[in-house]
Amino acid sequence: MADFLGMMKQAAQLQSKMQAMQENSAMSRSRAFPAAALVSVRMSAKMEVKAVKIDPSLMKAEEREILEDPW
């Protein structure tokens with residue numbers, strides 16, 4: 001019975017560590033810059049798009065706010 005309780009305690013500790021790692025990775029962010037750097041995208045580790053920047057030469061000035069809508 002002691003082994004079972006020890007295993008349950010270890011499982012709870014592992015679950016806690018995994019949750020902390022998931023929370024930590026959710027806070028990290030990445031940016032992608034293609035060679036021409038005309039478009040850049042910022043995303044979280046959970047693959048959520050946080051920002052999009054588009055070079056002004058690719059669009060009309062009045063379209064910029066709609067296309068780069070910050071969430």
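Here is a walk through this structure, from the overall layout down to a few single residues.

What you're looking at is a predicted model, where local features need a pLDDT of at least 70 and side-chain atom pairs count only at pLDDT 80 or more, while totals for chains, interfaces and linings use all residues. Residues are numbered from 1 along each chain as its sequence is written, and side-chain values use heavy atoms, with hydrogens and water left out.

Let's start with the big picture. The chain has two helices and three strands, and reading along the sequence gives the pattern α-β-β-β-α. Helices (H or I, at least four residues) and strands (E, at least two) are DSSP runs, numbered from the N terminus. Of the chain's 71 residues, 10% count as buried. Buried here means under 20% relative accessible area, exposed means over 50%, and partly exposed is in between (1.4 Å probe, protein chains only). The chain exposes about 6300 Å², with 60% of that supplied by carbon and sulfur atoms; such areas come from the Shrake-Rupley method with a 1.4 Å probe, and for residues only the protein chains shown count as cover. As for contacts (heavy atoms within 4.5 Å), take those between residues at least 6 apart in sequence: 0% of them join residues at least 24 apart.

Now hop to helix H1, residues 2–27, where you'll find Leu 5. Leu 5 is exposed, at 54% relative accessible area. Together with Phe 4 and Met 8, Leu 5 forms a nonpolar surface patch of about 330 Å² of accessible area. Patches take residues with over 30% relative accessible area and no salt bridge, joining like charges within 9 Å and nonpolar side chains (Val, Leu, Ile, Met, Phe, Trp, Tyr) within 5 Å.

Strand E2 (residues 39–44) pairs with strand E3 (residues 49–54) in the antiparallel sense, over five bridges; two strands pair if DSSP finds at least two bridges between them. Across the pairing, Met 43 stands opposite Val 49, and Arg 42 faces Ala 51. Four residues sit between the strands of this hairpin, and Met 47 takes a positive phi near 65°.

The structure holds one salt bridge, meaning a side-chain nitrogen of Lys or Arg within 4 Å of a carboxyl oxygen of Asp or Glu. Lys 50 forms it with Glu 48, and their closest N and O atoms are 3.5 Å apart. Lys 50 is partly exposed at 29%, and Glu 48 is partly exposed too, at 39%.

Finally, look at Ser 57, in the loop between E3 and helix H2 (64–67). Ser 57 is exposed, at 61% relative accessibility. The side chain of Ser 57 makes a polar contact with the side chain of Asp 55 at 2.5 Å. A polar contact is a pair of N or O atoms within 3.5 Å; within protein, one must be able to donate a hydrogen and the other to accept it, and residues adjacent in sequence count only if both atoms are side-chain atoms. Ser 57 and Leu 38 are 19 residues apart in sequence, and their C-alpha atoms are 8.4 Å apart in space.
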